[in-house]
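Please open the model in your viewer and colour it by secondary structure, so that each stop of this tour can be selected in turn.

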Amino acid sequence: MSFPHYGPCERLAEMPDDLVRFLALVGNEVMRARKKFPKPHGLMTALTEEVGEVAKALLDEPWSRVEEEAVQAAAMCARLALETDPTLTPLRTKRGVK
Ligand SMILES: [Mg+2]
């Protein structure tokens, strides 16, 4: 993991409790999703689906469902950043992106 355009990370101990809990839940969801779907193929589609579910929950469901969907969407963002989505490699190559 590199993320060279970011500086040093804040220490977990310095983060507010609600943020630490959210990030821990995202970590749990990443591990659950990796077990269920080990390959990162299609992560962009999965992320898009989860973002749609956040929007749906925001409009029609209790706040607890918004939180659940937000964790799932954040987990897909984390996987995408850490694992990429190989299904997009041909398109990125065609567009000249490295
Ligand atoms: Mg979902």
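Select helix H1 (residues 17-36) together with H3, and you will find that their axes come within 8 Å and cross at roughly 65°; helices here are DSSP runs of H or I with at least four residues (strands are runs of E with at least two), numbered from the N terminus. Axes are lines fitted to C-alpha atoms, for helices over the stretch in contact, and angles run from 0 to 180 degrees between N-to-C directions. H1 and H3 are therefore roughly perpendicular to each other, a term for angles of 65 to 115 degrees, where under 35 is roughly parallel, over 145 roughly antiparallel and the rest oblique. H1 passes H3 in a right-handed crossing, meaning that the near helix is turned clockwise from the far one by less than a right angle, whereas anticlockwise is left-handed.

This is a predicted model, in which local features need pLDDT of at least 70 and side-chain atom pairs count only at pLDDT 80 or more, while totals for chains, interfaces and linings use all residues. Residues are numbered from 1 along each chain as its sequence is written.

Now show Leu25, Val26, Glu29, Val30 and Ala33 of H1, which make the contact with Val71, Gln72, Ala74, Ala75, Ala78 and Arg79 of H3; contact requires C-beta atoms, placed from the backbone, to lie within 7 Å. Of the 20 residues of H1, the number buried is two, so H1 lies largely in the open; buried means that 20 or more other C-beta atoms lie within 10 Å of the residue's own, exposed 12 or fewer, and partly exposed in between.

Next select helix H2 (residues 43-60) with helix H3 (residues 63-83), which pack at an angle of about 160° with their axes 8 Å apart. That angle makes H2 roughly antiparallel to H3, and H2 passes H3 in a left-handed crossing. On the H2 side the contact includes Leu43, Leu47, Val51 and Val54, and on the H3 side it includes Val66, Ala73, Met76 and Leu80.

Just after H3, stop at Thr84, which takes a positive phi of about 65°.

Technical notes. Contact = placed C-beta atoms within 7 Å.
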